[in-house]
Amino acid sequence: MATLALLSLTSPSLSSPRSLPRSNHTRFGVLATTSGWARRTVRLPVLCSASEPNQNAESEPETTSSPPSSSSDLTYKLCAGLGGIGFLETTYLTFLKLTNSDAFCPTGGGGSCGDILNSEYAVVFGVPLPLFGMLAYGLVATLGVQLLTAKSLPYGIGKSDASLVLLGTTTSMAAASAYFLYILSTQFSGTSCSYCLLSAFLSFSLFFITLKDFGFEKVQKEAGLLVCIAVLVAVTLNSSYSAPVSSSPSDVDLPYFTTEISTPSSLFAISLAKHLNAIGAKMYGAFWCSHCVEQKQMFGREAAKELNYVECFPGGFRKGTIMAKACIDAKLEGFPTWVINGQVLSGEKDLLELAEASGFELNEFSQTLIE
């Protein structure tokens with residue numbers, strides 16, 4: 001009995017068990033078992049909670065995604081828009097180059113754009129220069145649309161890689177534009193070419209837009225690549241224009257010759273030619289220039305002799321030949337070129353246009369004589 005009394009004093013009562021402290025989250029669950037006269041506890045390594053675990057809090061970092069950057073969207077829209085404008089411009093110039101058509105030039109007197117488009121600088125290794133521009137602008141516009149609208153790019157290309165391609169392309173375009181602006185200022189001094197200036201504006205705009213969007217830190221990492229692209233473009237263009245071609249002027253030895261004017265002259269043409277000579281108007285040309293011959297044919301055989309015509313290559317054309325000083329001083333853009341009362345007119349001109357530019361009175365001539 002003494003032993004039982006001692007046990008009853010030291011063991012918890014079966015009728016009124018001691019309550020365990022409760023916790024919302026514990027590391028070990030408590031399982032209470034009663035065996036006969038005593039109760040023992042067993043700790044199990046399970047997670048217990050008064051409520052269900054907050055799974056949303058743990059999964060938030062995985063499901064939360066950053067919203068699309070409005071700055072990048074604007075960049076892609078500008079690339080698509082400006083690239084599209086450049087694509088249309090260079091497509092038009094490529095068509096003119098392939099068909100040998102005359103370019104419409106809103107500035108520069110009508111002949112500047114055509115003179116530049118038909119010069120040796122309009123071809124790179126035998127390929128029309130506008131064709132390269134068309135491909136470059138087309139790539140920029142396509143990437144801008146793809147990055148703006150597509151969730152995934154073709155061929156498994158990531159957006160970061162596509163942005164790098166975009167920056168590399170605009171870098172090459174800006175480098176080429178800088179090179180051609182230098183050529184325009186040195187080889188075509190005083191010539192205005194609206195297409196050239198528009199292309200340069202588009203190229204530099206696209207370059208700075210993509211450069212800003214790419215980020216300063218990323219640009220620092222890729223600076224070496226961008227410099228290499230720019231240098232490669234400049235070296236390639238310089239090599240193209242330094243390399244000899246099959247029709248190089250160095251292979252030409254063209255003696256001077258005259259072309260007979262076969263068409264008869266009208267009274268109007270003879271009077272206009274005498275008037276142009278009287279006011280000091282000059283027509284600059286070259287003996288090998290077909291447009292110069294056609295201009296004289298408009299006047300006819302008798303009237304052409306009355307013109308104050310300046311031959312720019314009186315000694316023929318061969319390697320090292322320099323134009324006559326009068327032609328150099330006139331800063332000609334092409335042949336033929338008229339200088340009438342200080343006004344420069346490039347290309348073939350209709351007789352009525354020459355009459356208007358020179359102030360020739362048409363009252364005494366009927367429409368029949370003019371035709």
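The tour goes from confidence to a helix and then to the cores.

Keep in mind that this is a predicted model. Mean pLDDT for the protein is 78, with 74% of residues at 70 or more. Now select residues 1-68: pLDDT stays under 50 here, and the model gives this stretch 39 contacts beyond four places in sequence. Residues 245-250 are also below 50, with five contacts beyond near neighbours in sequence.

Next, pick helix α8, residues 216-242. How far apart are its end C-alpha atoms? They sit 37 Å apart, which agrees with the 39 Å that 27 residues should span at 1.5 Å a residue. Centre on E222, where α8 bends by about 60°. Then show side chains for V219, L226, V233, L237, S240 and Y241, the buried residues of α8. Look at what surrounds them: these buried residues pack against β5 (123-124), α5 (129-149), α6 (159-187) and α7 (194-214).

On to the largest nonpolar core, which has 27 residues. Select L272, L276, F299, W338 and L354, the members that touch the most others. At least two residues each come from α9 (267-278), β8 (282-285), α10 (290-299), β11 (337-340) and α13 (351-358). Which element gives the most to this core? That's α9, with five residues.

Zoom in on W338. Setting aside neighbours within four places in sequence, its contacts include L276, F299, L307, V344 and L354, along with K282 and K349.

Last stop: apart from that core lies another, of 21 residues, and C113, Y121, F188 and Y241 are among them.

Key: Residues numbered from 1 in each chain as written. Predicted model: local features only at pLDDT ≥ 70, side-chain atom pairs only at ≥ 80, totals over all residues. Heavy atoms only, no water. Core = buried A, V, L, I, M, F, W, Y, C linked by side-chain atoms within 4.5 Å. Buried < 20%, exposed > 50% of the residue type's maximum accessible area, 1.4 Å probe, protein only. Helix = DSSP H or I, 4+ residues; strand = E, 2+ residues; numbered from the N terminus. Contact = heavy atoms within 4.5 Å. pLDDT = per-residue confidence, 0-100. Expected span 1.5 Å × (residues − 1). Bend = angle between axes of the 7 residues up to and from the residue.
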